[in-house]
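Dear colleague,

Below is the structure I said I would pass on. My notes on it follow.

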Amino acid sequence: MTKKRYDPVPLIRAAITASAGAKALYSRFQVGAALLCADGSVVTGFNIESSSYGLTICAERVAMFRALSEGKESFTAIAIVAGSRNWCPPCGACRQVLWEWAGEIEVILARSEEEYQILSLSELLPHAFDHGYLPNA
Ligand code: THU
């Protein structure tokens, strides 16, 4: 499917809305992510923390796993915001998962609808490991 140009602002708005629902009981650091699928739909996620801290899952992976479970297969961009208005570059684990399932998408890091920067995923995760390195893939 051809990837169309898109307006980052509605995607940022969706991520801001999603961040308000974050289950960040321990860190109080609420994150929202909005994933733009190639079919034009948007799937959001927020971080969900656990009292067993290591079981916490980031907003980006929630968005990606929701999208995959809904049958989405191709992606254009993801917007990521922290409710605190801090920048929230995706953690290493999320970069890897995004790379494996979305490949070279645009990553919109936003503090508001007006203040954002767009990076490519390969800028954030150069020389990524993926299935291409597995002999039996
Ligand atoms: N978090 C995310 O949701 N995304 C990131 O890319 C970085 C961190 C969450 C995990 C945890 O719930 C909180 O932010 C503090 O680390």
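**R61 and its surroundings**

Leaving aside residues up to four places away in sequence, R61 touches C91, A93, C94 and V97, where contact means heavy atoms within 4.5 Å. R61 itself belongs to helix α2, residues 59-69. Helices (H or I, at least four residues) and strands (E, at least two) are DSSP runs, numbered from the N terminus.

R61 is buried but has no salt bridge, and the nearest side chain of opposite charge, E60, is 6.5 Å away. Buried means under 20% relative accessible area, exposed over 50%, and partly exposed in between (1.4 Å probe, protein chains only). A salt bridge needs a side-chain nitrogen of Lys or Arg within 4 Å of a carboxyl oxygen of Asp or Glu. For charge, Lys and Arg count as positive and Asp and Glu as negative, while His and the chain ends are not counted.

The model is predicted: local features need pLDDT of at least 70 and side-chain atom pairs count only at pLDDT 80 or more, whereas totals for chains, interfaces and linings use all residues. Residues are numbered from 1 along each chain as its sequence is written, and side-chain values use heavy atoms, with hydrogens and water left out.

C94 and V97 are among the buried residues of α3 (92-102), along with R95, L98, W99 and A102. Their cover includes α2, β3 (75-82) and α4. Just after α3, G103 has a positive phi of about 65 degrees.

In α1 the buried residues are P8, V9, L11, I12, A15, A18 and S19. They are covered by elements including β1, β2 (42-46), β3, β4 (106-110) and β5 (116-120). The 12 residues of α1 should span 16 Å at 1.5 Å a residue, and its end C-alpha atoms are 17 Å apart, which agrees. The expected span is 1.5 Å times one less than the number of residues.

**Loops and surface**

R28 is in the loop between α1 (8-19) and β1 (31-37). Its phi is near 65 degrees, positive although the residue is not glycine, and R28 is exposed at 66% relative accessible area. H127, in the segment after α4 (121-124), also has a positive phi, near 55 degrees, in a residue other than glycine. H127 is exposed at 81% relative accessible area.

L25 is also found in the loop between α1 and β1, and is partly exposed at 49%.

Regards
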